[in-house]
Amino acid sequence: MERPAPIAWQIDETAAGAASYDLARQLYPICRSITGSGVRETLHLLARHIPLKMHEVPTGTQVFDWTVPREWNIRDAYIKDSSGRRVVDFRHSNLHVVGYSTPVRTMLSLGELKKHIFTLPNQPDLIPYRTSYYADFWGFCMAHNNLLELSDGEYEVMIDASLTDGSLTYGEYLHRGATEDEVLLSAHSCHPSLANDNCSGLALLAHFAKTLAPRKTRYSYRFLFAPGTIGAISWLARNESTVNRIKHGLVVSCVGDGGGPTYKKSRRGDALIDRAMTHVLRHASPKASILDFSPYGYDERQYCSPGFDLPVGLFQRSQFGTFPEYHTSADNLDFIRPEHLQESYKMLASTIDIIENDRNLVNLNPKCEPQLGRRGLYTAIGGDKDAPAKSMALLWVLNLSDGQHSLLDIAERAGIPFANIREAAELLSAHDLLAENASPQL
Amino acid sequence: MERPAPIAWQIDETAAGAASYDLARQLYPICRSITGSGVRETLHLLARHIPLKMHEVPTGTQVFDWTVPREWNIRDAYIKDSSGRRVVDFRHSNLHVVGYSTPVRTMLSLGELKKHIFTLPNQPDLIPYRTSYYADFWGFCMAHNNLLELSDGEYEVMIDASLTDGSLTYGEYLHRGATEDEVLLSAHSCHPSLANDNCSGLALLAHFAKTLAPRKTRYSYRFLFAPGTIGAISWLARNESTVNRIKHGLVVSCVGDGGGPTYKKSRRGDALIDRAMTHVLRHASPKASILDFSPYGYDERQYCSPGFDLPVGLFQRSQFGTFPEYHTSADNLDFIRPEHLQESYKMLASTIDIIENDRNLVNLNPKCEPQLGRRGLYTAIGGDKDAPAKSMALLWVLNLSDGQHSLLDIAERAGIPFANIREAAELLSAHDLLAENASPQL
Amino acid sequence: MERPAPIAWQIDETAAGAASYDLARQLYPICRSITGSGVRETLHLLARHIPLKMHEVPTGTQVFDWTVPREWNIRDAYIKDSSGRRVVDFRHSNLHVVGYSTPVRTMLSLGELKKHIFTLPNQPDLIPYRTSYYADFWGFCMAHNNLLELSDGEYEVMIDASLTDGSLTYGEYLHRGATEDEVLLSAHSCHPSLANDNCSGLALLAHFAKTLAPRKTRYSYRFLFAPGTIGAISWLARNESTVNRIKHGLVVSCVGDGGGPTYKKSRRGDALIDRAMTHVLRHASPKASILDFSPYGYDERQYCSPGFDLPVGLFQRSQFGTFPEYHTSADNLDFIRPEHLQESYKMLASTIDIIENDRNLVNLNPKCEPQLGRRGLYTAIGGDKDAPAKSMALLWVLNLSDGQHSLLDIAERAGIPFANIREAAELLSAHDLLAENASPQL
């Protein structure tokens, strides 16, 4: 029998917003893709805060239906007009180059060049974000208004990139708890200068891991920073035999803006993580949006594929694809804010508080209510219209602690935040009115 | 083990509206009742299109709690004023005579006559539809305004009808499919000149049967054209030992107007026919109305009686009893339209498409997503905000094809029309990514 | 096998409102508390109508986690100003004294006196209701405006009360039915001059018991008039071994005002009493409020504690704590009305009608509908648009009487009041179309 963790457990969210924003600020300029030096530089930045273990998966490795691609590295890229001026310049924004572009150096007419240019006519001042990982292609992205300014004539295009055998890199950190049961917290590390998607997720999870590190926990926590899709697939392929340790999990992205909050449920739909996150978000904001699982999104697509069906949901502020800054150059450091990261941190910590502390307790005095007033737990003057509210958490815990209801069950039915229910349970336990269930079903 | 039917199966609805309307137009003038020559004439008209088998059930036959009544035939009927003018004339509308009126020829004062006259004071220009099958009675129906115009005096009333031992007639056509499991499609054939109720249903089902005839199907399809209540009861009494073959069924009536569409669920409420029709109607129109079963309506009352409890629902456009034309002379050939019959045909065909093709399939590559791009099933350029929508049906089928979810389950959860899900499944099957479940639960 | 009760059973509610109001009017002036002569006087008034058995539980008796307190009796109390005028006078309202105040006779400055005075600043003309059962204290309640009128100076305070060993009193009446299975009807008897809370409940239940007494019933009915909390706890402690006889129950309070009606479900949430009361209230009023169980309220708190978990709900008009008169001097005889008590009586009687008569019946003619017209149960003229409504209850009972659905199941699904469904069942039984289920599951 495992020894139960202490019932009180909550991470301090103080200063988490500022620290996460500062880390996101450092991550933002790096040109990331699904492989290459940008990913490694990103992980080394995170490793300053947590003992991250780096993994390299060689090009050509078969991972389920996929093959790890060649490694892509880029040094410079531009489009020069006939006067030699860089009209598109990789040094100004790494979004200018289509991810995984093949190297090129040539002269083209404007008409030919346009076949390799992506713009957003409806958002004409923004640079779009595009990639072509698995089809050989080169291309540029630019503001539509800038494209309109280009005059006819010859242009020099240059992409100084390489596609060579190498490896795919991901980073992993395991915080060991009292048991081998794991909570997976995963953020994709493959997007270049997009602040919310996903410098915010990388930074928030790294800071969360840092604050978690010195604490004793019931679960072990696995933090995974890997490129989207192929990274998660690689990790699943390499850990297929132990993924059954994962009891709860979250994919974290776009957590720095002021929208949402949004939670997309796991494929199971009724996993504890689904209930915990729903509970936390509903109490955090009347704008909270709880979405059913769908097979499009981030790496929950892989974790929730039918062969794994892990209880992993997606936590975001604004939902991906729904905000105009999404996948454009407007997803920059002005779009995310320390206070939003702080709120996101608090929601994450409150969810983990539930995961750690949910349990079935037993009322030791189940026939009629115990006399709370005698124990100083209840207002002495009867008839007061307002007094009862103060005692509701105590009454709910007593009434439903029959061994069949967990603290989260009680919080849900009472409509009271889990933390208040947990505190009431601690108070009642201290007065010997409540005890651990002899045969917990956790 | 039965051999699975081809996964693609859909009836061509082209020209169904015009053909059905033309048939309804031919059926409309005939004076039908629950027995008699009008019913036989009706069935012979249908038999020009499908090899209908006629059945005659003799007067006096005991069918459960009922007895087949005498056969009613009518040749002429009128009310003449003192000048000899026909003020009510059966030759103008067969609605003028109460169905199953006993023969009569007499002179009456207006006051006495009124005891035998039905009108609709709130719809004063319309002739109502009335019957008296099981109580000896004679009567006329007429427009209220015409009644008001009648002056005092003596009237001659004449109904040249006969009530004699004979038989009740119904028609049946069985399209044989790969299995003996049956789909029952039933329309009542007893109403006189009411175009929507139910020339429309008779015509639509006859045309559907005609287009189905040359096709290979998984199920056998039983088309039943019988008088309401006593006809369905007679059929059930004569087929009691084999009704367990009926796996799905629909009663079809009032399918020529532009209202609804309406589906009333079977008594079971969650039969496949209920889910299929609900799915089709919800996608067909935002005005779709899905009603829970109730024991009043058409012959689903008999099919869904507790001793049978067959999975048979009721498909209509406007619900019976809710449109002002219902059971009046305004339910005429102007009230129904070829385009509405065409829409109804399409809804019926889409429902049958589900019944035929719903099945549980298995993703052969269940761990992580298969690489669709490599197979040309996925857009190559990542980051595009719109591309995902095109691939959602593929992703849903892959994610939920775990042997536990049928294609209809998937369509319901995805909110995508069944036909699109079926097509995605066919595409994935063609790429060897999907297969029949080894042990289907159909 | 128990012999089934007669299917028809309904209490006559005529004059119930006037009789209940008259009884409440007599109860109103008495100064009640959780013990003492006021409670005994109250019970003796009720005993004029029903053979109430009095129980005395001695001070100091241990009842689960509680101890029966000393008995409190009060004769007089006042606050006199320096001129000797009673500025607060117990003889005007027994709400003026905090319940269970310790005796006191002393002189105090206004400042010192205020520490013992309760008012309602937001309802400045009303006297609040306060108690201090388990903490030694004395105090007065008064209108806030009257407090503001008091000038500085010395005041004489006097409470002529006693707190001595004695007993807690409750009254019980058992109406014996065909079985030992019980319905518990409970009202708290501890509040002083508060008309709705709970003279109304005491009076309504006493009158209901009186009208029930001469009737044959299926269940036995236990009426309990006991002080809130400690009274219910005492009763449960003394009857612990037989509470499993209680199959259904209601706590009744605040049933004389015109609000609601309100029903708070038992902890189980789906007990028959929950379904019956929900059904009755929904049909009684579009304003009906059906609340989920919560562990705050009246004595359902004790009956629904996890060690008992009895199927006992709370029936009220306005919910406690939600009307401005609640626990103030405005809850007086003007606040309750005979017509509201009459309505409450009818809802209670309709609920008991369900409890008594709900049962599973079997359609003896389950294959197709029986021919109702032949038996005079159905209109003879077909085609009438309105006739069906009259027959719907018959059709619903026939369709769902398959041994799996009780009459309440049918009433719920049909959306028809239970009494109409019961009457339809009686009619069908009289025509041998319906019978008791051979193996009822009640």
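I take a salt bridge to be a side-chain nitrogen of Lys or Arg within 4 Å of a carboxyl oxygen of Asp or Glu. By that rule I find five salt bridges across the interface of chain B and chain A. I looked up one of them: Glu369(B) pairs with Arg301(A), with the closest N and O atoms 2.6 Å apart.

I note that this is a predicted model, where local features need pLDDT of at least 70, side-chain atom pairs count only at pLDDT 80 or more, and totals for chains, interfaces and linings use all residues. Residues are numbered from 1 along each chain as its sequence is written, chains are lettered from A in the order in which they are written, and side-chain values use heavy atoms, without hydrogens and water.

**Interface**

I find 27 residues of chain B in contact (heavy atoms within 4.5 Å) with 31 residues of chain A. Chain B and chain A bury about 2,500 Å² between them, 53% of it on carbon and sulfur atoms. I took buried area as the accessible area (1.4 Å probe) that two parts lose on being put together, summed over both.

**Asn357(A)**

I placed Asn357(A) in helix α9 of chain A, residues 338–357. Helices here are DSSP runs (H or I, at least four residues), numbered from the N terminus. Asn357(A) counts as buried because its relative accessibility is 0%; the cut-off is under 20% relative accessible area (1.4 Å probe, protein chains only). Its side chain makes a polar contact with the side chain of Asp353(A) at 2.6 Å. For a polar contact I need a pair of N or O atoms within 3.5 Å; within protein, one must be able to donate a hydrogen and the other to accept it, and residues adjacent in sequence count only if both atoms are side-chain atoms.

Terms used. Helices (H or I, at least four residues) and strands (E, at least two) are DSSP runs, numbered from the N terminus. Buried means under 20% relative accessible area, exposed over 50%, partly exposed in between (1.4 Å probe, protein chains only).
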